[in-house]
Amino acid sequence: MRLTSLRLATAKSFRLLLLFLLPPILMMAQGARDIHGVVTASKGGPAAGATITVKGTKKSVAASVSGAFTISAKTGDVLVFSGVGFETREMTVTGDDNYTVTLAESTATLGDVVVVGYGRSSRKALTSAITTVKPEDLNRGSISDVGQLLQGKVPGLNITASGDPNRNAAVILRGASTINSPGGPFYVIDGIPGADISLIAPDDIASIDVLKDAAATAIYGNRAASGVIMVTTKKGKKGAAQVSYSGYIGSETVSSRLKVMDASQLRAFLAKNSLAFTPQDDKGANTDWQKATQRSSALSTNHNLSLSGGSDHSTYSASINYFNKQGILQKSNLSRVIARLSIEQMALNDKVKFGLNVSNASSNADDIPYRNTVLLQSATYLPVSSIKNSDGTYFENLTKSGYYNPVAMMNNSQLNTKYNNLIANFTTNVKLPFGLTYDLNVAYQNSSSLQGVYYSKYFTTNYNGMYDNPDPTFYGHSIQTFGTNGQAGRSSYQNTNKLLETFFTWDRQFGSHSVKAVLGYSWQENVIGDGFQATTSNFPVDNIAYNNFALSNPYSNASFRINLGADGIYQKTRLISDFARLNYNFKEKYLLQGSIRRDGSSVFGANNYWGYFPAVGAAWRISQEDFMQSQNIFSDLKLRGSWGVTGNSSGFNAYIAQAISGGSLGNYYYNGVLTNALGASQAANPNLQWEKTTTADLGLDFTVLKGKLTVGFDWYDKKTTGMIYGYGVDPMLIPAGSIVANGGSISNKGIELTLTATPVSSKEFSWNSSLNLAHNTNKITSLTNPLFNGGDSVRVGFPEGSGQSGTSLQLLKVGHPIGQFFTFNYAGKNAAGVSQYYDRTGKPTTTPASGTDYYYLGNAQPSLLMGWSNTLRYKNFDLNFFIRGVFGNKIFNATRADMFRPSTAQYTNILVDAQNESTADFNAYRYSSRFIESGSYVRFDNATLGYNLKSAIKNVKSIRLYVSVNNLFVITKFTGVDPEVNQGGIAPGIDYNNFYPKTRTLMVGANVSL
């Protein structure tokens, strides 16, 4: 009885308590409030960009770069956390207002989103070879172009760069595809083909996708033979405004110099050989001319401020970037300001999305006129000479030919170029019935340059008639002539590009079958070289430089001619294209893709305006088969293959297939007067068509060890046919005597391997490692045309050091690669201590014949490329280091050859390691196999240590502080300044007094998110 009464009393009391508590509980349940939190990755670090959605509603926000988020929700709501590369997680809101949510990385790494031509795809649905690089994986450091950001990150991408802030890196993908301007891949930025990559600040990059095989690139037709790089910039996301800042300051010092003799070493060498300096040169000095032309340290800095946010129907993103990098050579510098704005607006019940993207980059570049000549002189000038005389004037000994004070050259000339690049595009995306969408992209690009160059009275007086020192190419040096009393040049040019692209996409699923089709049209018009240039001379004073041509008086010098620029600079081209692609997917097991692009270009012959570029690809996701479900080895396993055709229309001007008259054919006498003869200078070729590159690719992708190891393997066979080249023709048939025609072919075969692993993954410590390896074999298979003469053997690379004019180092030859060294074969020294070389019969001789006694002696192209990246995280610390390697290539050290002249050491400096050479060896310097060196190296490219402060300051979401060092050390046998000699162009792998020194950089920086 008592128990029953107690139960009744307790129940009554509970009901009374419930009546008191129910209203606040109901109010709490019904009222939304701000929920705060941080999203982290299970491997450590913030899950930046993760999406947080209130389930069943349209409320959605994105996590900041620190992983922080704020969203309005009420108790009982379910928050859904998702993101690319992460497993989706749900969490119910309780009475707490702050949460820490950890997302597990998705083991299905092949499911990442990849940007492809005119659309996106999941990686698991790819049938082609595409490598994606995220911002956190890009190279770190004081980097002025995107090429260096990717160095060593993509298998098959061979990138070389010097320390020059004003020169972009040379980028070659899967070997050189042509002998005509074998340049880098085609860039597409936010869907705009051919956009200038200098418009993008590294901090604004969301992802980079490198399209390597023809199945991926053929959708871009005749511009895709060298691969396509898709750059996607950051866009605004729904949620409160986010303000982010990133910046660094760095100090750079020269990492290596040529080891030349100082004054005491050279004086001792001459004394040992009974030689002496001339009184004109020996001023008792000990000048380090390399240091004299360089800064002791160069400063670099970068600041990027961004603002982004949005509502349910519109998003925005804006940023401004300032970059400044002093060159380690005095007088060189680059500063750049990039401003970017991106807006997206939804309309008509979110069925229509409008986008506007505008970016402008303004650069100011200071360079050094005749920089390669300055580098040459800084190496060879005698250390016993002083920079200036006692009266303050520059020291010169102009009685010696080709011998100039490099400091005087730099300080008596100036070269400045101001660039401005603008790009704007308006996009429209419309969702239509039946799974159709319609996209419109209208873009405008404008790039302009304003250049001024000035040579002072001192320069034009003392260096008139000097030889230049160009980079390796088809020709050698040429004499440079100037006016009197100073000479100025001024040029102003602009290029414009107008683009209209429109395409339909159909994306439907029928049970187990999925179909995605794209059908589109592209129209593009380019105008380049719209502007003018002029030179003038004879200025009253030097301090006006190139800023006031009106003060010059060139006509007082009867021999001076005002240079108005080369013919054919202004060009207008048009490209019209139709394209289509079809993707078929059955149960995510069997994947098929086919595409075709029909390109029409005004550049080529009237009979071949149009070209067709098809591609097909297939993939089998073996891991989706029923017989694979019981195994626990592979998380994902895919076999893929592709074939396709792409083209090359770069490196050719608008007039290449047209007849041009007006060229000078010499002189003749008419009525006793010497008269110029004019005639055809270029023959028309209505059958000229673009070069075509056919690529076959087989690939295997798989993930094992429960997602801890992902492997990607590719084998490819790439063949270019119809290479364009100039051939000799009988003048009786074609008055010009030559014609540009298709004829040659080139082959590239290779393999690529990528290993991505997570050896350790815990809440407090993680280690991610990625290794990529690539091998390529390049071979010229034809250089001839059946209708025309010539092209069988082409000599390239002419250093033309003293006493070696007209001597080439490489040969373009059938059966050999681009970069094939072809020169004398060193045979040691004879009894008299004179260097010998093998003749064609294999006998040693001290008088070899140029060309006749040449041998094939090594290849400038590497046989193996390697990149190894590691990221370690412990609590709030993170450490990233990157090591890069190049193996199997040769370098012709022409710089060493030109400074290996013991017999002339009293006139120009020599290398330290020539100290044991005999002055009687008049042959020591000859270009030969003696100066062909291993170009292999391993470079410790970068190490960055960072510390993350979370909620350290009110209203500041996160702060990351870091210190970074670039180019810490290099392991190599190469004896030159640096083994990273240019791999681009027609004559790769030649170092001849033209290498801008690389630097070692120490940086400190910060990333702040508000």
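The questions and answers below concern a predicted model.

Residues are numbered from 1 along each chain as its sequence is written. In this predicted model, local features need pLDDT of at least 70 and side-chain atom pairs count only at pLDDT 80 or more, while totals for chains, interfaces and linings use all residues, and side-chain values use heavy atoms, leaving out hydrogens and water.

Colleague: Is Ser 378 buried or exposed?

Modeller: Ser 378 lies in helix H6, residues 371–380 (a helix is a DSSP run of H or I, at least four residues; a strand is a run of E, at least two; both are numbered from the N terminus). Buried means under 20% relative accessible area, exposed over 50%, and partly exposed in between, with a 1.4 Å probe and protein chains only. Ser 378 has 7% relative accessibility, so Ser 378 counts as buried.

Colleague: Which residues of strand S2 point to one face and are buried?

Modeller: Side chains alternate along S2, residues 51–54.

Colleague: What is the bridge partner of Ile 52 in S3?

Modeller: S2 pairs with strand S3 (residues 60–62) in the antiparallel sense over 3 bridges. The two strands form a hairpin with 5 residues between them. In S3, Ile 52 has as its bridge partner Val 61.

Technical notes: Two strands pair if DSSP finds at least two bridges between them.
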